[in-house]
Structure formats: C-alpha cells, structure tokens
Amino acid sequence: MTFQVSSLSQQDFVMIQITDTHLLEYPHLEFVGMQPEQSFHAVIDLMRQQHPHIDLIIHTGDLAQSPTPLTYKRYVQHMQSLGIPFFHTPGNHDDVTHFPFHEQDPTQPTVVELGQWSVILLNSAQPERIDGKISDIQLQHLTRLLTQLHDRHVIIACHHHPFAMQSAWIDQHKLKNSSDLLDTIKPFSNVKAIICGHVHQDSVNTWQGVEFLSTPSTCIQFRPKSEKFALDEEHPGYRLIRLKANGELETQVYRLPTSQRMSSSEVLGYD
C-alpha cells in the first residue's frame, strides 16, 4: 500500500527518524536505571522545539521492550496526538502478533510518498532471533517498487544494520543478507539512502553513492567500536533528514542535553 503524505513536488521536506524506543508495558517502569517512556517523550519534545514544521516521522524498529498490546496502543496514541504522519517497521524486540503494521500482509513493504520522494519500509525482523533478514519475497517486492519508482528519489528504511559497525558483539546481529539487499538496489540510481536502527548509535557509510545511516536510540546508547557489549555516555536523540526537491538530502543528529543515569550492562537480551 502507498500512503501519500504530500503531492507537492517543488519543495523540501523534513523527515525525522526515531528508533529503538524500547517502551515498557507501563510508563513508570524502569530498566537500566532509566525510564524509556520519559526519555522517548523528551526526545519528541526536543524534536518539536527544534523543527516547527515536520512532514514525516519514521520509526525504524524496537518500538517495544515489552511488546504487549498495551505498550503498542500507548505508543500509537502518543504519536497520533502529535498531528504528524508517522510510520514504523518492526525490530527484533517487537512482537509481530501485536505490532501495529500498516499493511494487512506484513511481507508487503510500506511506501510513503512526499512530493518526488518515496520512503520504502522493509521488515528485517525474524521470529525468535536477534539478527535480521529481509525475506526473498520482500526483495522481489522491492525490485518491483524500485522499477515503478524509477523517476522518484527513494529512501529505504529497516531495523537491522547492513554495514558492520566494527563492534563484534552487535555485528553478529546485523542484517545477515545485506549482500542480497545491495544486489537488489545496485541497478537503481534513484536509491539515495538506507536508514536503520538496532545499533543505538550514529553512523554514516557510503556505497556507490547511497548513504547508509544509523541513528541514536531514544533511550540507551551503545558504545561504538566495542568488542564486547558496552553502554555509551552519549545522550538519546533522533535524526533529521531534509529531502530536497533535486534529489539531494541533508542530515543531522540531535541529542538531548542531559539524560538519565544508567548503571548496568545487562540489558536488552544481547548478552
């Protein structure tokens, strides 16, 4: 299904990426010495202060740490209250039984249109696994969509990171068929960027003119280039992506000025 957010073509668009909110079943609950709900709301408040006009919000997975219907309902209600179009794709901590998919068939990519731009959301989560894979049927759909959208600028969004982060512990949980994804997009010059979550840190990689961007979590952060699991002292944040009418994009990460204290390395089920 395609969702048209704006049909205007001769203007720039402001897209925000948030990721890895890891919300718990009740907003007052804590893990790792912080409240994911409080941090998530603080990031959203910062986003709205910094950017009075936002066209689209994309959440790249792990909406929930406690993936219950109540958690997802509260998330959706809060996002709806912002009055900004928002879309999301699942992460490894999400439960597809309760996840608020935009499509009745979760193997179908979600397409969001903004002027001459299209954002394609893919599901890289696998049941009962931490690492990711984009199914063959989704890659077939992606080839079809990129062919149809040959005259549009495209951003692809998924949860798992296609490129290694030079962190051995998290790289074993990356997108396992990233080479299949690269082979799929290689013939299409209209793909401008692939955005992901999962790694709880900011990174930028470039491959054949395509930017690969990971984004800080709205809660805890992972220490970059760490052999073993380790938390980082960087603050929660989000990514701004400005989509220009000529097919160029500009991006910047924004972080909270302060964040809650974290006190444990046993978190999220990765160890």
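User: Which cysteine holds the sulfur closest to that of cysteine 219?

Analyst: In general, a disulfide is a covalent bond joining the sulfur atoms of two cysteines. The criterion applied is a pair of cysteine sulfur atoms within 2.5 Å. For cysteine 219 the closest cysteine sulfur belongs to cysteine 196, at 15 Å, which is too far for a bond. Please note that this is a predicted model, in which local features need pLDDT of at least 70 and side-chain atom pairs count only at pLDDT 80 or more, whereas totals for chains, interfaces and linings use all residues. Residues are numbered from 1 along each chain as its sequence is written, and side-chain values use heavy atoms, with hydrogens and water left out.

User: How many disulfides does the structure hold, and where is the cysteine sulfur closest to that of cysteine 196?

Analyst: The structure holds zero disulfides. The sulfur closest to that of cysteine 196 lies in cysteine 158, and their separation of 6.1 Å is too far for a bond.

User: Is cysteine 219 buried or exposed?

Analyst: The terms rest on relative accessible area: buried is under 20%, exposed is over 50%, and partly exposed is in between, with a 1.4 Å probe and protein chains only. Cysteine 219 is buried, at 2% relative accessibility. Cysteine 196 is also buried, with a value of 4%.

User: Let us turn to charged pairs. How many salt bridges does the structure hold?

Analyst: The general idea is that side chains of opposite charge can pair when their charged atoms come close. A salt bridge here requires a side-chain nitrogen of Lys or Arg within 4 Å of a carboxyl oxygen of Asp or Glu. The structure holds seven of them.

User: Which residues form salt bridges with aspartate 131?

Analyst: Arginine 129 pairs with aspartate 131, their closest N and O atoms being 2.7 Å apart. Lysine 176 forms a salt bridge with aspartate 131 as well, with 3.0 Å between the closest N and O atoms. This second pair links distant parts of the chain, 45 residues apart: lysine 176 is in the loop between helix H4 (168-171) and helix H5 (178-185), and aspartate 131 is in the loop between strand E6 (117-121) and helix H3 (136-148). Such elements are DSSP runs numbered from the N terminus, helices being H or I with at least four residues and strands E with at least two. Aspartate 131 is buried at 5% relative accessibility, whereas arginine 129 is partly exposed at 43% and lysine 176 is partly exposed at 48%.

User: What is the partner of arginine 239?

Analyst: Arginine 239 forms a salt bridge with aspartate 202, and the closest N and O atoms are 2.7 Å apart. Arginine 239 belongs to strand E11 (residues 237-243) and aspartate 202 to the loop between strand E8 (191-196) and strand E9 (203-207), so the pair ties together parts that are 37 residues apart in sequence. Arginine 239 is buried, at 2% relative accessibility, while aspartate 202 is partly exposed, at 37%. Elsewhere, salt bridges that share partners join Asp12, Lys244 and Glu250 into one network.

User: How many aromatic pairs are counted?

Analyst: A pair of aromatic rings is described by the distance of the centres and the angle of the planes. Rings of Phe, Tyr and Trp (its six-membered ring) pair if their centres lie within 6.5 Å; planes under 30 degrees apart are stacked, over 60 edge-to-face, and the rest tilted. By this rule there are ten aromatic pairs. One of them is the edge-to-face pair of tryptophan 169 and phenylalanine 222, with 5.0 Å centre to centre and 70° between the planes. Tryptophan 169 lies in helix H4 and phenylalanine 222 in the loop between strand E10 (210-214) and E11, so this pair ties together parts that are 53 residues apart in sequence. Both residues are buried.

User: Why is the pair of tyrosine 238 and tyrosine 254 classed as stacked?

Analyst: The pair is stacked because the planes are at 5°, with the ring centres 5.3 Å apart. Tyrosine 238 is in strand E11 and tyrosine 254 in strand E12 (residues 249-255), 16 residues apart in sequence. Tyrosine 238 is buried at 0% relative accessibility, and tyrosine 254 is buried at 17%.
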